[in-house]
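Work through the following exercises with the sequence and the model in view, and try each task before reading its solution.

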Amino acid sequence: MRILIIEDEQKTAAYLQKGLTESGFIADIAHEGGEGLFLATTREYDLVILDVMLPGQDGWSVITRIRQNKIQTPVIFLTARDAVHDRVKGLELGADDYLVKPFSFSELLARMRAILRRGPNRQPEMLGIADLEINLLKHKAIRGGQLLDLTPKEFALLSLMTQRAGEVLSRTLIAEQVWDMNFDSDTNVVDVAIRRLRRKADDPFERKLIHTVRGVGYVLEER
Ligand code: CA
């Protein structure tokens, strides 16, 4: 799952990105409102974490524009303000939740999961193909009843391939989706990651799910 962090404080943004990455999410950062709005309206995210006090366009204006663009991505406001009218304003403008700084990362994570679980037209919590099951919210992948021991990147890679099962994914697309948005297309990284993932998720099992499509990329499917 891909999260957008719109936060001007470098330290907070880096802390959030690190925590989310460790929890198996892919997190992009925008340090100002305009950039955040551009990303939120041009790329697909599962959730946006939005600071209120931002240089340029503030969080209120960013969420207003997101909703005007008919984008229903859930938004959690993150702010130092805790006045009741600010919370009400945030929710009225279309935010899904509101967290006051300082907050604990585990609380943020719990609230994110609650939103991702309940949201309409979100991706399903569980993905599956053949004997592979993926729980996106719990970040667990199970094959043939066995829990796979995957790194966050391997989990993101396997989730992407399962979500788009049957579709041949190019190395560049995989690199963009699983690594960060400015990933410099050194697609060897993708090959190495696929090799590691295969060792854990495919090699121990009789039926192979990950297939190489020569000159194009990779596909996950039952053959
Ligand atoms: Ca701020």
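**Exercise 1.** Find the volume of the second largest pocket and state where that pocket lies.

Solution. Two or more lining residues come from each of β8 (140–143) and α6 (152–163). Because domain 1 (2–118) and domain 2 (126–220) both contribute to the lining, the pocket lies between them.

This is a predicted model, in which local features need pLDDT of at least 70 and side-chain atom pairs pLDDT 80 or more, while totals for chains, interfaces and linings use all residues. Residues are numbered from 1 along each chain, and side-chain values use heavy atoms, without hydrogens and water.

**Exercise 2.** Describe how strand β6 pairs with β7.

Solution. Strand β6 (residues 126–129) and strand β7 (residues 132–135) pair in the antiparallel sense over four bridges, where pairing requires at least two DSSP bridges. M126 stands opposite N135 in β7. Two residues lie between the strands of this hairpin, in which A130 takes a positive phi near 50°.

**Exercise 3.** Identify the protein donors of the calcium ion.

Solution. The donors (N, O and S atoms within 3.2 Å for Na, K and Ca, and within 2.8 Å for other metals) are D8 (OD), D51 (OD) and M53 (O), lying 2.1 to 2.4 Å from the ion.

Terms used. 1 Å grid on protein atoms, 1.4 Å probe; cavity = no way out; pocket = protein on both sides within 12 Å on 5 of 7 lines; lining within 4 Å. Points joined across faces, edges and corners; volume = space filled by probe spheres on them. Domains from an automatic or database assignment.
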